Amino acid sequence: MNPTSTQRLLSWLLTRHPATFGRLFEFFVVFWSACLCTYLPVTQLTERVYDTPQNETIATILHPFRGSLLSNPMVEIGLVLGVWVCAALWLCQRLLPFSSWLTALLFTLAWAVRLENMGKTIHVSHLSALLLWVLAWWRQETLKEFREACSQGQSWSGLFYPEWVFQSCLTIAALFYGWAGWSKLASSGLDWANGISMQLWTKLWGNPDFFATNWVLESRPFTIFLQALSLALEVFAPLAILPFFRTWIGIGLIGMHIGIVTIFGWGFHGNMIFVALLMLPFRQWLEEGRLDWRMFWNPSPNKIPSPKA
Amino acid sequence: MDVYCKSPPGSLRELILPIAVIGLTFGLPLTGVVDCYPFTGAPMFNEEPLVYCEYSAKDGLGNEIPLELLRLQRIDNGNPPGHGHGRKPRKSIDRLGKIPSVDEVEEAVWGGLIENRMAQKVHGSVTIEVQVIGDVDGNRIGILPEKSRKQTVWIQ
């Protein structure tokens, strides 16, 4: 990459846009993260294990601090309460940037404490945690401009959305799914899509009353097709950073998530919304004024400023 | 994208955290660390099991015994064990893709009975039914009679 193209890339990443999409995405990430934390107190008695030895391998960033304090259930509950308070403050635009940093930190710690005290793992909160950190950094870096606009009574029109925020969130989501595909290839190769394994998982954990569950259990060719499609989508998910592939990969991953959520009921609803917002053209529609999410509670067209005003 | 912008562009400092997060998301799994929350190599369902076992257990009088007491309970949730959790799971021989031998089942049952002080309460024996679920006809899965079995562990 020659210096000119590097400069152009950096200049593009640092370009600021109106935060129409950024506000919407921020709302969903913060709101979903707060919702996801309700899982922790609800499952505290069923998911945590107290009486087994510690695992030897690294599980979380809290690995060096494993010990009695982390196994105290009140620590987890305190962290969850902290997430709820800080997320509410963040969504109300209060105490920034502390509320955003604390939401990211407490959310990460709450789930790290849980995983440190589990005998198995789940992957529903990883993407949310990483996105929270990027969004907290965004609010930190644009705080001065936002405060100036607030002091002039133009809080929202003074919040800007640097290109790097969108590109970072998109890349992180794309890599998360990319790793899901690459780890399947590394562990099982192309044989992963044999159809039998998916039928076994569906028999074990699928919703028996859902019609698609029976389709999976009754047809091996259909199951092989679904597995092969999922593998291809995940392996090539990082191509979503290129606009040409983004929408198609987004549609595919959303379809995969609809299948996972409806058949298995696992808590990837938030990830599905993040993929939809990042990979479908919502940002373009919002920034070009073709879609205005404020119309849902402020339908008067006179009150919606044009993006070029 | 032609959009309105009145703010001056930011500084390179803004890219520090995104580059660090993206670098760790991509790079950490390459070092062999499969899971270090919040970073992950996303190993969920990366295996390709072809069978799994369903267990049921009864004592000498025909009463059902909870599988947790015999180390036969389900602990596999599709994530490869050993990664991403700070504690070991409760002991069990459950593992998707594996059919335990007669000796392995007997060892698990004895281990569970001793650990839970149940040996005197099972009325002389524990009968384990191991149903193996796998491919039955190239199109569906079901119980494989030729691989399923019943075995009795005598308690003296």
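How many residues of chain B are in contact with chain A, and how many residues of chain A do they meet? In this predicted model, 54 residues of chain B are in contact with 70 residues of chain A. The legends below describe close-up views of this contact and of its surroundings.

**Figure 1. The side of chain B that touches chain A.** Three elements of chain B each give two or more residues to this side: helix H1 (16–27), strand E1 (35–36) and strand E4 (125–135). The largest share comes from H1(B), with 6 residues. By class, the side of chain B that touches chain A comprises 29 nonpolar, 16 polar and 9 charged residues.

**Figure 2. Overall fold of chain A, with 16 helices and 2 strands.** The C-alpha trace of chain A spans about 60 × 50 × 50 Å along its principal axes. A compact globule of 309 residues would have a radius of gyration near 19 Å, and the 21 Å of chain A agrees with this. Of the 309 residues in chain A, 42% count as buried. Among contacts in chain A with a separation of 6 or more, 72% are made by residues 24 or more positions apart.

**Figure 3. Helix H11 (residues 196–205) of chain A and the elements that cover its buried residues.** The buried residues of H11(A) are Ile196(A), Ser197(A), Met198(A), Gln199(A), Leu200(A) and Thr202(A). Their cover includes elements of both chains. From chain A come helix H12 (211–218), helix H13 (220–235) and helix H14 (243–263). From chain B come strand E3 (51–59), E4 and strand E5 (141–143).

**Figure 4. Packing of helix H2 (residues 20–37) against helix H15 (residues 269–279) in chain A.** The axes of the two helices lie 10 Å apart and form an angle of about 175 degrees. Since angles over 145 degrees count as roughly antiparallel, H2(A) and H15(A) are therefore roughly antiparallel to each other. On the H2(A) side, the contact is made by Phe25(A), Phe28(A), Val29(A), Trp32(A) and Leu36(A). These residues meet Gly270(A), Ile273(A), Phe274(A) and Leu277(A) of H15(A). By class, the contact has 8 nonpolar residues, 1 polar residue and no charged residues.

**Figure 5. Strand E4(B) and its pairing with E3(B), E5(B) and E6(B).** E3(B) and E4(B) run antiparallel and are joined by 9 bridges. Within this pairing, Thr127(B) in E4(B) is the bridge partner of Lys58(B). E4(B) also pairs in the antiparallel sense with strand E6 (residues 149–154) of chain B, over 6 bridges. Here the bridge partner of Thr127(B) is Thr152(B) in E6(B).

**Figure 6. The hairpin of E4(B) and E5(B).** The two strands pair in the antiparallel sense over 3 bridges. Gly134(B) stands opposite Gly142(B) in E5(B). There are 5 residues between the strands of the hairpin, and Gly138(B) takes a positive phi near 80 degrees.

**Figure 7. Val85(A) in helix H6 (residues 73–91) of chain A.** Val85(A) has 15 C-beta neighbours inside 10 Å and therefore counts as partly exposed. In sequence, Val85(A) and Leu291(A) are 206 residues apart. Their C-alpha to C-alpha distance in space is 31 Å.

Notes. Residues are numbered from 1 along each chain as its sequence is written. Chains are lettered from A and ligands numbered from 1 in the order in which they are written. This is a predicted model: local features need pLDDT of at least 70, side-chain atom pairs count only at pLDDT 80 or more; totals for chains, interfaces and linings use all residues. Helices (H or I, at least four residues) and strands (E, at least two) are DSSP runs, numbered from the N terminus. The radius of gyration is taken over C-alpha atoms; the globule rule is 2.2 Å times the number of residues to the power 0.38. A residue is buried if 20 or more other C-beta atoms lie within 10 Å of its own, exposed if 12 or fewer, and partly exposed in between; C-beta atoms are placed from the backbone. Two residues are in contact if their C-beta atoms, placed from the backbone, lie within 7 Å. Ala, Val, Leu, Ile, Met, Phe, Trp, Tyr, Cys and Pro count as nonpolar, Asp, Glu, Lys and Arg as charged, and the others, Gly among them, as polar. Axes are lines fitted to C-alpha atoms, for helices over the stretch in contact, and angles run from 0 to 180 degrees between N-to-C directions. Angles under 35 degrees count as roughly parallel, over 145 as roughly antiparallel, 65 to 115 as roughly perpendicular and the rest as oblique. Two strands pair if DSSP finds at least two bridges between them.
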